[in-house]
Amino acid sequence: MAPRRCTPCAEQYYFFPKIIFGKPTDAFIDHLSRWPLPRAFMYRLYKLGMDLLVGPHHRYGLPAPDHKLFEAHPTACTTYLDHLVHGRITVKPGIERLDGHEVHFTDGSTEDIDLLIYATGYKVSIPFMDENLILDDVGASRLFIHTFSRTRDDLFVAGLFEPAEGGVWQIADYQAQLIAAFIVVMEKDPARASWFRKLKATAKPDIGHGIRYQDTAWHKFEIQHYRFRKYMRRLLKKFGAAAALPYAEGAPTASDATAARSSLKLAS
(Lines give C-alpha, C1' and ligand atoms only; values in the text may rest on other atoms or scores of the structure.)
Protein backbone atom coordinates (compact mmCIF):
# COMPACT_ATOMS: atom_id res chain seq x y z
CA MET A 1 0.00 0.00 0.00
CA ALA A 2 1.33 3.45 -0.91
CA PRO A 3 1.95 5.73 2.07
CA ARG A 4 -0.76 8.34 2.74
CA ARG A 5 0.39 11.90 3.23
CA CYS A 6 -1.78 14.55 4.89
CA THR A 7 -1.25 18.26 5.36
CA PRO A 8 -3.26 20.19 7.98
CA CYS A 9 -4.34 23.68 6.89
CA ALA A 10 -5.09 25.67 10.01
CA GLU A 11 -3.82 28.71 8.09
CA GLN A 12 -3.43 29.33 4.39
CA TYR A 13 -1.18 31.59 2.32
CA TYR A 14 -0.95 32.91 -1.22
CA PHE A 15 1.21 31.02 -3.71
CA PHE A 16 3.67 32.74 -6.04
CA PRO A 17 4.58 30.85 -9.23
CA LYS A 18 8.30 30.08 -9.38
CA ILE A 19 8.61 31.16 -13.03
CA ILE A 20 6.90 33.96 -15.00
CA PHE A 21 7.52 34.27 -18.75
CA GLY A 22 10.59 32.06 -18.40
CA LYS A 23 12.15 34.18 -15.64
CA PRO A 24 12.34 33.53 -11.90
CA THR A 25 9.42 35.30 -10.25
CA ASP A 26 11.64 37.43 -8.00
CA ALA A 27 13.53 38.77 -11.06
CA PHE A 28 10.24 39.55 -12.84
CA ILE A 29 8.82 41.37 -9.80
CA ASP A 30 12.09 43.24 -9.34
CA HIS A 31 11.86 44.68 -12.86
CA LEU A 32 8.17 45.45 -12.38
CA SER A 33 8.89 47.31 -9.13
CA ARG A 34 11.06 49.80 -11.03
CA TRP A 35 8.06 51.13 -12.93
CA PRO A 36 6.83 54.46 -11.49
CA LEU A 37 3.35 53.11 -10.73
CA PRO A 38 1.17 53.83 -7.68
CA ARG A 39 1.48 51.22 -4.97
CA ALA A 40 -2.24 50.40 -5.03
CA PHE A 41 -2.09 49.74 -8.78
CA MET A 42 0.97 47.49 -8.38
CA TYR A 43 -0.87 45.56 -5.67
CA ARG A 44 -3.84 44.95 -7.98
CA LEU A 45 -1.45 43.90 -10.74
CA TYR A 46 0.22 41.33 -8.45
CA LYS A 47 -3.17 40.00 -7.36
CA LEU A 48 -4.43 39.71 -10.94
CA GLY A 49 -1.25 37.90 -11.99
CA MET A 50 -1.60 35.37 -9.16
CA ASP A 51 -5.27 34.77 -9.94
CA LEU A 52 -4.39 34.05 -13.58
CA LEU A 53 -1.21 32.02 -13.08
CA VAL A 54 -2.09 30.08 -9.92
CA GLY A 55 -5.87 30.28 -9.64
CA PRO A 56 -8.21 30.22 -6.63
CA HIS A 57 -7.40 28.03 -3.65
CA HIS A 58 -10.65 26.05 -3.74
CA ARG A 59 -9.59 24.42 -7.01
CA TYR A 60 -6.79 22.70 -5.08
CA GLY A 61 -9.07 21.74 -2.21
CA LEU A 62 -7.55 24.44 0.00
CA PRO A 63 -9.31 27.03 2.14
CA ALA A 64 -8.93 30.63 1.01
CA PRO A 65 -6.44 32.83 2.91
CA ASP A 66 -8.00 34.89 5.69
CA HIS A 67 -5.92 37.93 4.76
CA LYS A 68 -5.08 40.13 1.79
CA LEU A 69 -2.04 39.58 -0.42
CA PHE A 70 1.23 40.63 1.34
CA GLU A 71 -0.46 40.99 4.74
CA ALA A 72 1.24 37.63 5.34
CA HIS A 73 4.29 36.20 3.68
CA PRO A 74 3.42 34.34 0.44
CA THR A 75 5.09 31.09 -0.57
CA ALA A 76 6.72 30.11 -3.85
CA CYS A 77 6.31 26.38 -3.15
CA THR A 78 3.99 25.65 -6.08
CA THR A 79 5.38 22.09 -6.12
CA TYR A 80 3.02 21.58 -3.19
CA LEU A 81 0.08 22.44 -5.46
CA ASP A 82 1.35 19.94 -8.02
CA HIS A 83 1.31 17.23 -5.34
CA LEU A 84 -2.26 18.18 -4.42
CA VAL A 85 -3.45 18.03 -8.04
CA HIS A 86 -1.91 14.57 -8.50
CA GLY A 87 -3.38 13.25 -5.26
CA ARG A 88 -0.03 12.67 -3.56
CA ILE A 89 -1.13 14.79 -0.58
CA THR A 90 -4.53 14.91 1.17
CA VAL A 91 -5.64 18.23 2.62
CA LYS A 92 -6.97 18.16 6.18
CA PRO A 93 -8.16 20.96 8.49
CA GLY A 94 -6.32 21.98 11.66
CA ILE A 95 -5.22 19.47 14.29
CA GLU A 96 -7.41 19.29 17.40
CA ARG A 97 -5.40 16.78 19.45
CA LEU A 98 -2.94 13.89 19.30
CA ASP A 99 -3.62 10.43 20.75
CA GLY A 100 -0.61 8.18 20.19
CA HIS A 101 -0.36 7.59 16.44
CA GLU A 102 -3.90 8.87 16.00
CA VAL A 103 -4.33 12.47 14.91
CA HIS A 104 -7.73 14.08 15.50
CA PHE A 105 -8.64 16.95 13.19
CA THR A 106 -11.03 19.83 13.79
CA ASP A 107 -13.62 18.41 11.35
CA GLY A 108 -14.01 15.29 13.54
CA SER A 109 -11.97 13.00 11.27
CA THR A 110 -8.94 10.99 12.39
CA GLU A 111 -5.85 9.60 10.67
CA ASP A 112 -3.28 7.04 11.82
CA ILE A 113 0.03 8.89 11.36
CA ASP A 114 3.51 7.35 11.61
CA LEU A 115 5.51 10.60 11.25
CA LEU A 116 4.38 14.10 12.23
CA ILE A 117 6.45 17.02 10.95
CA TYR A 118 5.69 19.84 13.36
CA ALA A 119 6.47 23.21 11.75
CA THR A 120 5.38 25.86 14.20
CA GLY A 121 6.57 29.08 12.60
CA TYR A 122 9.27 31.73 12.87
CA LYS A 123 10.93 32.85 16.09
CA VAL A 124 14.02 35.04 16.38
CA SER A 125 16.48 33.81 18.99
CA ILE A 126 19.80 35.48 19.84
CA PRO A 127 21.02 33.39 22.78
CA PHE A 128 24.62 34.64 22.72
CA MET A 129 23.81 38.28 23.64
CA ASP A 130 21.21 40.53 25.22
CA GLU A 131 18.26 40.39 22.79
CA ASN A 132 17.06 43.80 24.01
CA LEU A 133 19.89 45.33 22.00
CA ILE A 134 18.23 44.02 18.81
CA LEU A 135 14.54 43.46 19.59
CA ASP A 136 11.92 45.60 21.28
CA ASP A 137 9.29 44.44 23.77
CA VAL A 138 7.07 42.87 21.07
CA GLY A 139 9.92 41.15 19.23
CA ALA A 140 10.29 43.68 16.40
CA SER A 141 13.62 45.11 15.31
CA ARG A 142 15.00 48.16 17.11
CA LEU A 143 17.59 48.60 14.36
CA PHE A 144 17.81 51.22 11.65
CA ILE A 145 16.99 49.40 8.37
CA HIS A 146 17.31 46.11 10.29
CA THR A 147 21.08 46.70 10.32
CA PHE A 148 22.41 49.43 12.62
CA SER A 149 21.98 49.96 16.34
CA ARG A 150 20.40 53.36 16.89
CA THR A 151 22.52 54.11 19.95
CA ARG A 152 25.78 52.18 19.42
CA ASP A 153 28.40 52.44 16.70
CA ASP A 154 29.80 48.96 17.22
CA LEU A 155 26.73 46.74 16.79
CA PHE A 156 25.56 45.61 13.33
CA VAL A 157 23.25 42.90 11.99
CA ALA A 158 22.92 41.45 8.47
CA GLY A 159 20.18 39.14 7.25
CA LEU A 160 17.54 39.84 9.91
CA PHE A 161 14.70 40.72 7.53
CA GLU A 162 12.11 38.89 5.44
CA PRO A 163 11.47 39.85 1.80
CA ALA A 164 8.05 38.84 0.48
CA GLU A 165 9.53 38.71 -3.01
CA GLY A 166 13.16 38.06 -3.88
CA GLY A 167 16.00 36.48 -1.97
CA VAL A 168 17.99 37.48 1.10
CA TRP A 169 21.56 37.38 -0.22
CA GLN A 170 21.62 40.47 -2.45
CA ILE A 171 20.13 42.66 0.27
CA ALA A 172 22.46 41.18 2.90
CA ASP A 173 25.34 42.13 0.61
CA TYR A 174 24.14 45.75 0.58
CA GLN A 175 23.88 45.65 4.37
CA ALA A 176 27.49 44.43 4.57
CA GLN A 177 28.64 47.23 2.25
CA LEU A 178 26.87 49.83 4.40
CA ILE A 179 28.36 48.41 7.60
CA ALA A 180 31.83 48.53 6.08
CA ALA A 181 31.21 52.07 4.78
CA PHE A 182 30.22 53.33 8.24
CA ILE A 183 33.24 51.71 9.87
CA VAL A 184 35.54 53.36 7.30
CA VAL A 185 34.05 56.86 7.57
CA MET A 186 34.17 56.74 11.37
CA GLU A 187 37.96 56.49 10.93
CA LYS A 188 38.48 58.68 7.86
CA ASP A 189 35.55 61.09 7.47
CA PRO A 190 34.13 62.31 10.82
CA ALA A 191 31.65 64.65 9.10
CA ARG A 192 30.02 61.83 7.14
CA ALA A 193 30.11 59.60 10.20
CA SER A 194 28.28 62.27 12.17
CA TRP A 195 25.66 62.63 9.42
CA PHE A 196 24.99 58.89 9.39
CA ARG A 197 24.99 58.65 13.19
CA LYS A 198 22.18 61.22 13.36
CA LEU A 199 20.29 59.48 10.54
CA LYS A 200 20.35 56.01 12.08
CA ALA A 201 19.27 57.35 15.48
CA THR A 202 15.81 58.47 14.33
CA ALA A 203 15.08 57.74 10.64
CA LYS A 204 12.27 55.33 9.75
CA PRO A 205 12.37 54.97 5.95
CA ASP A 206 9.51 53.42 4.02
CA ILE A 207 10.93 50.03 3.00
CA GLY A 208 7.74 47.96 3.26
CA HIS A 209 4.72 47.28 1.07
CA GLY A 210 2.64 50.09 2.51
CA ILE A 211 0.12 47.70 4.09
CA ARG A 212 -0.35 46.35 7.61
CA TYR A 213 1.23 42.92 8.06
CA GLN A 214 -0.21 40.19 10.25
CA ASP A 215 0.85 40.53 13.87
CA THR A 216 3.08 37.44 14.07
CA ALA A 217 6.75 36.94 14.83
CA TRP A 218 7.33 35.98 11.18
CA HIS A 219 6.05 39.28 9.82
CA LYS A 220 7.82 41.69 12.14
CA PHE A 221 10.80 41.82 9.76
CA GLU A 222 8.93 42.02 6.45
CA ILE A 223 10.36 44.36 3.78
CA GLN A 224 9.77 45.14 0.11
CA HIS A 225 12.82 43.85 -1.75
CA TYR A 226 13.30 46.59 -4.35
CA ARG A 227 12.39 49.51 -2.05
CA PHE A 228 14.81 48.32 0.64
CA ARG A 229 17.63 47.77 -1.86
CA LYS A 230 17.04 51.14 -3.52
CA TYR A 231 17.24 52.96 -0.18
CA MET A 232 20.53 51.25 0.73
CA ARG A 233 22.03 52.06 -2.67
CA ARG A 234 21.18 55.71 -2.07
CA LEU A 235 22.93 55.61 1.30
CA LEU A 236 26.03 54.03 -0.24
CA LYS A 237 26.24 56.83 -2.79
CA LYS A 238 25.95 59.42 -0.02
CA PHE A 239 28.87 57.84 1.82
CA GLY A 240 30.97 58.67 -1.24
CA ALA A 241 34.47 57.54 -2.18
CA ALA A 242 35.73 57.27 1.40
CA ALA A 243 33.49 54.27 1.98
CA ALA A 244 35.22 52.32 -0.81
CA LEU A 245 38.71 52.72 0.67
CA PRO A 246 40.62 50.13 2.70
CA TYR A 247 40.18 50.82 6.40
CA ALA A 248 43.83 51.41 7.28
CA GLU A 249 45.33 53.61 4.58
CA GLY A 250 44.96 56.46 2.08
CA ALA A 251 42.57 59.34 1.44
CA PRO A 252 39.81 59.34 -1.19
CA THR A 253 40.81 60.23 -4.73
CA ALA A 254 38.98 60.73 -8.04
CA SER A 255 39.86 57.18 -9.11
CA ASP A 256 38.46 55.89 -5.82
CA ALA A 257 35.18 57.65 -6.56
CA THR A 258 35.05 56.06 -10.03
CA ALA A 259 35.72 52.62 -8.55
CA ALA A 260 32.98 53.16 -5.97
CA ARG A 261 30.45 54.04 -8.68
CA SER A 262 31.44 50.95 -10.68
CA SER A 263 31.00 48.69 -7.67
CA LEU A 264 27.55 50.17 -7.08
CA LYS A 265 26.53 49.35 -10.66
CA LEU A 266 27.79 45.79 -10.26
CA ALA A 267 25.95 45.37 -6.97
CA SER A 268 22.67 46.49 -8.46
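So, I145: setting aside neighbours within four places in sequence, this residue is in contact, meaning heavy atoms within 4.5 Å, with Q175, L178, P205, I207, F228, Y231, M232 and L235. This is a predicted model, where local features need pLDDT of at least 70, side-chain atom pairs count only at pLDDT 80 or more, and totals for chains, interfaces and linings use all residues. Residues are numbered from 1 along each chain as its sequence is written, and side-chain values use heavy atoms, with hydrogens and water left out.

Where does I145 sit? In the loop between strand 7 (110-112) and strand 8 (162-163). Helices (H or I, at least four residues) and strands (E, at least two) are DSSP runs, numbered from the N terminus. I145 has a relative accessible area of 4%, so we call I145 buried. The cut-offs there: buried is under 20% relative accessible area, exposed is over 50%, and partly exposed is in between, with a 1.4 Å probe and protein chains only. Phi of I145 is near 45°, a positive value in a residue other than glycine.

H146 is in that loop between strand 7 and strand 8 too. Phi of H146 is near 55°, also positive and also not a glycine. H146 comes out at 11% relative accessibility, so H146 counts as buried.

Now the core. A nonpolar core here is a set of buried Ala, Val, Leu, Ile, Met, Phe, Trp, Tyr and Cys residues joined through side-chain atoms within 4.5 Å. The largest one has 22 residues, and F144, I145, F148, L178 and F228 touch the most other members. Helix 4, helix 5 (190-202) and helix 6 (225-239) are the elements giving two or more residues to this core. Which element gives the most? Helix 4, with seven residues. There's also a second, separate core of ten residues, including Y14, I29, L32 and M42. As background, nonpolar side chains tend to be buried together in soluble globular proteins.

Staying on helix 4, which covers residues 169-188, have a look at I179. I179 has a relative accessible area of 13%, so that's another buried one. Not counting residues up to four places away in sequence, I179 touches T147, F148, F156 and V157.
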